[in-house]
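I shall present one structure, beginning with a helix and the residues around it.

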Amino acid sequence: MPDPTPLDDDAELDAALRDLERRRPDRAWVLANMVSSLDGAIAVDGVSGSLGGDGDFRLFLAIRAQADVVLVGAGTFRAEEYSPPAGDEATRARRRANGATDVLRLAIVSRSLDLDLDRSAFRSSVSRPLVVTVTDADPHRRDAVAEVADIVEAGTGDVDLGAAVTQLHERGAGVVLAEGGARLNGQLVDADLIDELFLTVSPNLVGGDGPRITRSSATPTLHPFERVHLLADDDELYLRYRRSR
């Protein structure tokens with residue numbers, strides 16, 4: 001919806017997702033991409049992988065091919081085993097066709113800088129990661145992280161995501177893709193930074209009392225969105241909404 005269009009190859013899928021209006025001179029466009037069960041669970045045993053099927057994975061790659069930076073919280077980075085972004089020529093060409101930078105950069109939000117610097121994401125020869133932290137972070141940890149990543153300082157005491165997104169834009173990121181977790185998403189919602197949401201609805205009930213796609217301590221506030229499209233693959237649904245501003 002709105003049009004019955006088969007999306008059987010990556011070129012068609014990219015064309016359906018592409019939107020050059022995202023690339024603005026004044027600030028970065030923030031996408032969020034999440035998967036949820038029918039009853040709102042975003043993870044099983046701490047990770048989201050079992051919720052999504054093959055179609056969700058194809059869409060995941062296609063959404064990444066639209067973005068310049070993927071932004072994740074430190075907890076999600078630890079749980080989901082993030083790897084260095086691909087830098088082969090086919091991936092670069094796909095990204096260029098979408099108006100994105102040749103190589104996706106990973107940005108990890110961590111106030112404490114308590115990160116395993118031996119992870120493969122910090123050993124990439126293709127794309128040096130970014131670490132978003134606070135101005136008063138532990139200086140010894142900061143120095144260690146700076147050896148394997150570029151530091152983005154935003155806020156004191158707590159990370160100021162608005163300032164972080166501004167700095168990412170100044171570093172050439174026109175489109176920032178937020179992949180969670182729930183606390184990072186909640187902070188983005190509280191600051192009204194999310195311009196677009198991609199949500200996969202997994203055809204499963206999970207139970208339990210785990211977090212939903214956003215979580216914060218702020219007073220609940222309505223942030224209206226409007227539907228852009230709805231895709232389907234077997235029993236999975238892929239929702240795309242844009243912020244009504």
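**Helix α6 and its surroundings**

α6 is followed by Gly172, whose phi is positive, near 105°. The model is a predicted one, in which local features need pLDDT of at least 70 and side-chain atom pairs count only at pLDDT 80 or more, while totals for chains, interfaces and linings use all residues. Residues are numbered from 1 along each chain as its sequence is written, and side-chain values use heavy atoms, with hydrogens and water left out. Helices (H or I, at least four residues) and strands (E, at least two) are DSSP runs, numbered from the N terminus.

Which residues of α6 are buried? In this helix, residues 161-170, they are Leu161, Ala164, Val165, Leu168 and His169, where buried means under 20% relative accessible area with a 1.4 Å probe, protein chains only. These residues lie on the same side of α6, because they cover an arc of only 140° around the axis, taken from the directions from the helix axis to the C-beta atoms. In general, an α-helix has 3.6 residues a turn, so residues three or four places apart point the same way. The cover over the buried residues of α6 includes β1 (29-37), β3 (105-109) and α7 (182-190).

At the start of α6, a side-chain oxygen of Asp160 comes to within 3.1 Å of the backbone nitrogen of Gly162.

I turn now to Asp19, found in the loop between α1 (10-17) and β1. Asp19 is buried, its relative accessible area being 16%. Leaving aside neighbours within four places in sequence, Asp19 is in contact (heavy atoms within 4.5 Å) with Arg240 and Arg242.

Conventions: Buried < 20%, exposed > 50% of the residue type's maximum accessible area, 1.4 Å probe, protein only. Polar contact = N/O pair within 3.5 Å; in protein donor to acceptor, adjacent residues only side chain to side chain.
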